[in-house]
Each structure stands twice: as C-alpha cells, then as structure tokens.
Amino acid sequence: MERIIIIGNGISGVTLARHLRKSGSKDEILIISSETKHFFSRTALMYIYMGHMKYEHTKPYEDHFWAKNDIKLLYDHVKHVNIYDKSLKLESGDHVTYDKLVIATGAKPSFFGWPGQNLKGIQGLYSYQDLLNMEESTKNIAKAVIIGGGLIGVEMAEMLRSRNIDVTFLVREDRFWGNVLPMEEAKMIGQHMKTHHIDLRLNTEVAEFISEDGTQLHSVKTSSGEIIETQFAGVTAGVSPNIDFLKNTDIETERGVLIDDQFRTSVPDIYAIGDCAQHRNPPPGRRSVEQVWYTGRIMGETLAQILTGKNVKYNPGPWFNSAKFFDIEYQTYGQVLPEIQNNESRFYWQHPENNIAIHIVFDKDDYSFIGINVFGIRLKHEYFDKMLNKNATVSEVLSNLNDANFDPEFFKRYEEEIISSFNNTFPDLNVSLSAKPWYKKLFA
C-alpha cells in the first residue's frame, strides 16, 4: 500500500480522491489544503456574498463523508517539496512523506505590477479567503472599480450591485472580453451590463492605485490621467497557476506545472492536474492551460484510472463552456474565436428586441461545423459534442436544431427564425428543419 498525497482540495484533487476509492484503491489518501477544511463549490462563492447561500450549503459532501471513505484531510500549507526524500515541508513545521504526489493547487488572481497594488481594498476573487476579504472590504462602501473583463469580472460586478454599490468597470480592449468574444456578442453584453447600472469603460487601462494614508485604497488613476474615486478594486484580469512553492525544485514549470498526456511531471511519481497544470502537448483543439471547472473534474477522473493501473490518456473532447452575464445565459461549443479566420464563414443572428443571439462558425470550403456561441437559449451539450466529433456540416447541425434545444416547456422557440435568417445569408445551402420540436410532435 502506498501513500498518495494530493495538494489542494478543489474539484481536481477531490475528484481524484473520490475516484481512487471508486476504483477500489486501498492506498492511503491524504489531501492537504490551507484554503478550507472541507471541499466546497468554488462556483458558488458569488451566491454566498449575495445572500442566496451559506458556506455550509456549498459543500457537496457531509463532513463525515471523508472518514467514511477513508480519505484523510489535513488543514495546512505546503511550503516546499523535497523530491529527493519525497517529503513536504508544511507551514505548521511538520514534514510528511509521500510515495506519489499530486499537485492540484489551482490558480490565483493575476496582478501586473501596478504601483500601489498591495494597498488594502485591492484583490481578486478565486479562493474562499478572497470572498472573506471582499466581504470585509466592501462593508458600507459606496463605490467600487473592477479591472479586466471576463467571467469573474461580471460575477464580481453582479455581487457588488446586489448591495447597491456603484461599479466602474475598466477594460483595456475596445470591447468587453475581447480576447474571447467576437464583436457582435461583446457589444450585446456590454450594452446589457449598462442596463444593470455598470459604468463600462472601454480602452481604459490602470496606471496606478492611490492612497491618502499609505495603506487604504482611495482612488484609481487611469493611463489617460483620470482619477476615479473608489473604496474597493476587484482585479479580474485573469488568473495564473498557483505554483510559487515549487520555485526551488527540479519540477519543470512554465506558466504552470508541465505535464504529459498522463499528467506526469518531469519528476517521477509526481503528477499535476487542474488549474495549475500545463500540457506539453495539449489534445487537439485545446489550450495548454485550461482553467475551467469541468476540465479539472475530467483530469481527476482520468488520473484515478491511471493510478489504479489503467493505460488511458486525458481526452476532454471538444471545447465547451457555460456562464451567465447577469441574467443572460451563455454557452459555447467548439471554436468561435474573437476574429474571423481565413478558412471560416460565420453566421450571426440576434433577436431584434431581446438579448438572445446565436453565432455559428463553419468551414467556407467543406461547410464543416467549427463552433457556436449561444446567448439566452439553452442547448444540449451532448448534441454539439456529437456534431463536432463526427465533423458534421453546418447544414446538418442547423436542420436538427430543434433536437438540440434544451429550454423547458412554454419557453419561446426561435429555430424557424434562425433558419430563415441563415438561408437569407447563405441561400445556396438552403437548410430546412428536419423535425418538429417535441411539443409540436405531441399534438401533430
């Protein structure tokens, strides 16, 4: 029997531990974390702040679950990894040894060396400690600034607005989330944010954080020289792998811990998964570092199989993601890059009155489906996973769009409007819906 130590109790590490036990492993499993004593749902942080949930409601497993499954938890911080005697030095002063080590330490908010960035009232939002700090820093304040676009920025804006705090949102690009969203979607989301009383400033960069007493944030200075008074600044310009404790080791790193397709690092018996991992050779259509919840879960499941003797490789399938921009639901499947590529044709449809849109990308030569962004309509993941894996044409994808719709009963449907608009744009393809939606089939 070996001792497997997992550093980090996020979705990757906990999924690994659970699936090791599901696979029948009798090895000793120890999870070390200095964030929380028990695993919680990181995506629920905003709902704790907004008063919709309490911390204890975000724990998927009862506290007795861990002992019942013989998974040991240690609330401590790993300061150093000694690869030569296979030991970990802990903040408490203790040392523990491992036979196999899994690094699953997640990520941390990215800062970029701005003058004054260490003042009180400036922070990101990733960990439970970040939530506690935000709770304390935003008590009785009137104004806040958010720096950087993206999903965490929108979440933080919604959190602050739930307490009637004025929010100024600074984005250095010419559109919101410009490194991900095409112009059409970015414009729609930007306008929607303004309806929620967010002061969205595009083409605006931070130059300096200013304090009057040397400790507490008072205002933000932009690169144009404007001074914006604020009591809180949320830095949401991305996250980076949380691997500083590995600096003085022989474990190879770049942005993250470098791994192969079985999560092995450059050091025998040491693995890395989740937000802190960087693939040397990422699977087709995937990035080397992917910091999303479901990839962390898949990594944990796959590594559990590997550590129990199965010869499998990481295969997350086609890219997908989902989120919310206030009350607009967003899904993406495949690749929809912010700028059109030479081999692509694109189709964009937006409802004239509501924040409902769809953006489809396909190959302009063979018409193979490349990807889709969708806003305000729920579509089935398994449908687009199937279409992408079989290299379906855009005509096949659209003709079966009724089957892809996941919206519940009595929701308005838009497939016929979308197909009509597509045929007006690409008359040579002449797509028609091959099947009625389920509710029309019932009464046919």
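**View 1. Strand β11, helix α6 (residues 183–195) and strand β12 form a right-handed β-α-β unit.** Right-handed means that, with the strands pointing away from the viewer, the path from the first strand over the helix to the second runs clockwise. Helices (H or I, at least four residues) and strands (E, at least two) are DSSP runs, numbered from the N terminus. This is a predicted model, in which local features need pLDDT of at least 70, side-chain atom pairs count only at pLDDT 80 or more, and totals for chains, interfaces and linings use all residues. Residues are numbered from 1 along each chain as its sequence is written, and side-chain values use heavy atoms, with hydrogens and water left out.

**View 2. Here β11 (residues 166–170) and β12 run parallel, joined by four bridges.** Strands count as paired if DSSP finds at least two bridges between them. Look for Leu170, whose bridge partner in β12 is Arg201.

**View 3. Strands β4, β5 and β6 make an open sheet in that order, with antiparallel pairing.** β4 (78–82) and β6 (95–97) each have a single partner strand, so one side of each lacks a neighbour in the sheet. Three bridges link β5 (residues 87–90) to β6, and Lys89 stands opposite His95 in β6.
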